[in-house]
Amino acid sequence: MSNFVQKLCAWQQAHGRHDLPWQSTDPYRVWLSEIMLQQTQVATVIDYYKRFLERFPTISELASAEQSEVMSYWAGLGYYARARNLHRCAQIVVEQYGGVFPREYEDIVALPGIGRSTAHAIMAFCYGAPTPIMDGNVKRLFTRYYGIKGVTSTAAVEKQLWSQAEKTLNEALGDEHTHVDMACYTQALMDFGSLICTRSKPLCDDCPVAGSCYAKTHNLQKELPTSKARKTTPTRHTVMLLLVHDNHIWLEQRPQQGIWSGLLSLPSFDDTEALIHYLQNQGMAINPAKDLIKLAAFEHIFSHFKLHIQPILVKTTGAQSLLDSSSKQGYYHLHSWQTLPIPKPVSTLLETLATTDI
DNA sequence: TAGACGTGGCA
DNA sequence: TTGCCAAGTCT
């Protein structure tokens, strides 16, 4: 079943990226790009790569440079151990291999900053070695295509993925009717993961292997790869308006969708900016510096997230809107809202307000 | 082996 | 603003 490999290679030739500045069989260029691309997006790397290569055109020139100068060409890229390892690696290649990048896997993977995947990538691109890579793109593609469940960073799933990658490749290589261009296939895995089998909203309509894809067949594109459990509950922020008029508080009914659906609550906004717009739309002349009184913020815990609530008090003496019984929005007396359907944190807030001197 | 390592894009 | 992730490796 080497169809997968063949289809991906065909896709690569037609739709893949062919103009990246490091695409060649020169180990120095490939190695440098692989290091820069670790956990870093292509768009970010391109300029750094060009500048770096211009200053250090060969491994020997890199090896003989001062570390501080090497670092200066890396500044801003992040993960600076990569640059230190790169420099040290260049010196090792010069000293131990006469300036010629090694060809054997054991030698390559022993170099600083080069792990299993990078070593395989260098060998596939430069030497056409029949060996698979395993990066974020391949993980996403394989978990979906083969329906591999579980968090991909765990040892067990990682092992499965490598094993599947080898199996897939070996089946193609074992088929005497199939020629596998390793550089093309390796680039295909990464381009495909980055351009078609994307994290969110994968372009299954443009996918040549969608017909045999587990995730597509079972409609599990969103569930795969399995995302790891969050450690801390996420925090959302909201700003609540306490619009007070003559011992009355303005309440509105929550939308039917989302939290507290249908309950009465204070007008809520993503930020103060939105709150000001709201007041202006109500025809209120607002001086944000003077009329907006920030009360103490607090947090409300839901099952799946924390809500950070910033209450803002606005006292108005302007014309009073009447309580509209159909929309339920309007001014409620500060001492007669207790029987209304109001969410806990809001009633707590109103309680505080009613017993505070305003 | 889980955590650290940087920065930027995206929802 | 927060969280997640991106051509991973090292300790």
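Is Asn219 buried or exposed in this predicted model? With a relative accessible area of 59%, Asn219 is exposed, where buried means under 20% relative accessible area, exposed over 50%, and partly exposed in between (1.4 Å probe, protein chains only). Because the model is predicted, local features need pLDDT of at least 70 and side-chain atom pairs count only at pLDDT 80 or more, whereas totals for chains, interfaces and linings use all residues. Residues are numbered from 1 along each chain as its sequence is written, chains are lettered from A and ligands numbered from 1 in the order in which they are written, and side-chain values use heavy atoms, with hydrogens and water left out.

Figure 1. Asn219 is not a glycine, yet its phi is positive, at about 55°. This residue belongs to the loop between α12 and β1; helices (H or I, at least four residues) and strands (E, at least two) are DSSP runs, numbered from the N terminus. Gln39, likewise a residue other than glycine, has a positive phi near 55°. The loop that holds Gln39 runs between α2 (27-36) and α3 (42-55). Gln39 counts as exposed because its relative accessible area is 71%.

Figure 2. The bond from Leu224 to Pro225 is cis, its omega being near -5°. Pro225 sits in the loop between α12 (214-218) and β1 (235-245). Both Leu224 and Pro225 touch Thr143, a residue of helix α9 (residues 136-146). Ile148, Thr152 and Leu161 are also in contact with Thr143, residues up to four places away in sequence not being counted; contact means heavy atoms within 4.5 Å. Thr143 is classed as buried because its relative accessibility is 0%.

**Figure 3. Protein residues around DNA strand B.** Eleven residues surround DNA strand B, the closest being Thr40, Gly76, Gly78, Tyr79 and Tyr80; a residue is near a strand if one of its heavy atoms lies within 4 Å of it. Of the atoms of DNA strand B that come within 4 Å of the protein, 50% belong to sugar and phosphate. The residues of this surface comprise four nonpolar, five polar and two charged. In this grouping Ala, Val, Leu, Ile, Met, Phe, Trp, Tyr, Cys and Pro count as nonpolar, Asp, Glu, Lys and Arg as charged, and the others, Gly among them, as polar.

**Figure 4. Atom pairs between the protein and DNA strand B.** An N or O atom in the side chain of Thr40 is 3.2 Å from a base nitrogen of DNA strand B. Tyr80 instead places a polar backbone atom 2.5 Å from a phosphate oxygen of DNA strand B.

**Figure 5. Cysteines without a disulfide.** The structure holds zero disulfides, a disulfide being a pair of cysteine sulfur atoms within 2.5 Å. For Cys9, the nearest cysteine sulfur is that of Cys184, 4.4 Å away. Cys9 is buried, as its relative accessible area is 12%. The sulfur of Cys126 has its closest cysteine sulfur in Cys89, at 13 Å, which is too far for a bond. Cys126 is also buried, at 12% relative accessibility.

**Figure 6. The two domains of chain A.** An automatic or database domain assignment divides chain A into domain 1 (3-218) and domain 2 (235-355). The C-alpha centres of domain 1 and domain 2 are 53 Å apart.

Terms used. A polar contact is a pair of N or O atoms within 3.5 Å; within protein, one must be able to donate a hydrogen and the other to accept it, and residues adjacent in sequence count only if both atoms are side-chain atoms.
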